[in-house]
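Please set out how this predicted complex is put together. Keep it brief and tied to the model.

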Amino acid sequence: MRNKLDLKNIETRFANIVEENKDKIYRICCYYVSDDDEVKDLYQEVLMNIWKGLDKFRGDSSITTWIFRITVNSALAFLARQKKSKKVALFEDIINSEQKSRKDRHKEINQLQKAVSQLPLLDMIIISLVLEEVRTKEITNITGLTGGNVRVRIHRAKEVLRKIIEGEKS
Amino acid sequence: MKLEEIITKSKEVKAPMLKKESNSEPLKLLTDRLKKSDRNARKHSRRLQVLYIVMVLFWIFRIITANNYLSKIGFGILTVASFMVIFYNQLHYERNNRSYFAISNIDFLKETKKRLKFLANRIWYIFIWALFDLGLCFVIVADFSHRYSIVIGPILIMQLILAIAISVELYFGYKKWKKTRKPLITEIEHILQEIKEA
């Protein structure tokens, strides 16, 4: 049960976490689903799960490891459900004047998503973290895989991505 | 465009802004909504529990006041069934609120595999359903103890209908599960096997 003081602390911590990591979390969500509304649903779910788990976070791992674990696991659960939930949308697109440039920027992330989605699930998880510059050691903590295994998969997945993306262009 | 260039450009993608429905700070708005959704889930769960606690009290009252053993057994079974609903509801609530999302991805896949199993939740539903049915049968039979022949027919028909309903649910549930959930379990098993071998 959360008392008022705890709740205040949790709210402050949550606000800091979201402020510092929201873009990374959002981009990771983008790698797992292609539809814009689904990305927003998933992003919302990640924030929900961070909120739900925050008072149980005891600092056994670094806060970023904890956040990325929740992000990837929420994405896996979302993929497993494969259905659109009818939730109240919390988010909206950035205002009209920015709309066009945002769409242009989305081209790259859509292209990446398309390529990433062709990878085996485990490689997909790893590469989504690599693309957000998460270090190998942290990836081993997030995924539960060994360092060697992660390195091999990163190398392999990057090669496949390069082939898909650069092959597409040529 | 090279892969590295695309990666660099993709970094420009920012998280969407919150809907501006009030003058509050966007994050305050978000935490308020999250708290509200948390509160609603808790309320819903508590309401159901209160309802079943009232039912348990009523069954206990009937156990005390019943004048034959068949009724007492019947109300006893209904009490156990209602307790099981309360217990299951509590487990369900805690499971939804427990942050099992914070475990490593591999452990998460193992946990998900367990949750996706066909009988994972159904075994509870069927057991509780059967207990309510059994309890009601005892109570009805006890009330008509002097005229068994009148109720035995309807009770048997009711059992048949229930058995058909459970079978139909299991059949279609299994078909749906085989189509939607089983491939996921197979995929998770494949991943876990791959990791084990690596």
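How many residues of chain A are in contact with chain B? The count is 53 residues of chain A against 36 residues of chain B. Two residues are in contact if their C-beta atoms, placed from the backbone, lie within 7 Å.

This is a predicted model, in which local features need pLDDT of at least 70, side-chain atom pairs count only at pLDDT 80 or more, and totals for chains, interfaces and linings use all residues. Residues are numbered from 1 along each chain as its sequence is written, while chains are lettered from A and ligands numbered from 1 in the order in which they are written.

**Confidence.** The predictor gives the complex an ipTM of 0.75 and a pTM of 0.74. Chain B has an average pLDDT of 83, and 91% of its residues score at least 70. pLDDT is the predictor's confidence in each residue, from 0 to 100.

**Chain A.** Chain A holds 7 helices and 1 strand. From the N terminus, their order is α-α-α-β-α-α-α-α. Helices (H or I, at least four residues) and strands (E, at least two) are DSSP runs, numbered from the N terminus. Of the 170 residues in chain A, 40% are buried. A residue is buried if 20 or more other C-beta atoms lie within 10 Å of its own, exposed if 12 or fewer, and partly exposed in between.

**The interface.** H1(A) gives the most to the side of chain A that touches chain B, with 10 residues. The table sorts that side by class.

| Class | Members | Residues on the chain A side |
|---|---|---|
| Nonpolar | Ala, Val, Leu, Ile, Met, Phe, Trp, Tyr, Cys, Pro | 29 residues |
| Polar | the others, Gly among them | 9 residues |

**The cores.** A nonpolar core is a set of buried Ala, Val, Leu, Ile, Met, Phe, Trp, Tyr and Cys residues joined through C-beta atoms within 7 Å. The largest has 54 residues, of which Cys29(A), Leu42(A), Tyr43(A) and Ile126(A) touch the most other members. Helix H1 (residues 4-32) of chain A gives the most to this core, with 9 residues. Apart from this core lies another of 7 residues, including Trp59(B) and Phe138(B). Leaving aside neighbours within four places in sequence, Tyr43(A) is in contact with Ile25(A), Tyr26(A), Cys29(A) and Ala15(B).

**A helix pair in chain B.** The axes of H4 (residues 105-116) and H7 (residues 182-197) of chain B come within 10 Å and cross at roughly 145°. Axes are lines fitted to C-alpha atoms, for helices over the stretch in contact, and angles run from 0 to 180 degrees between N-to-C directions. The residues of this contact divide into 9 nonpolar, 1 polar and 2 charged.
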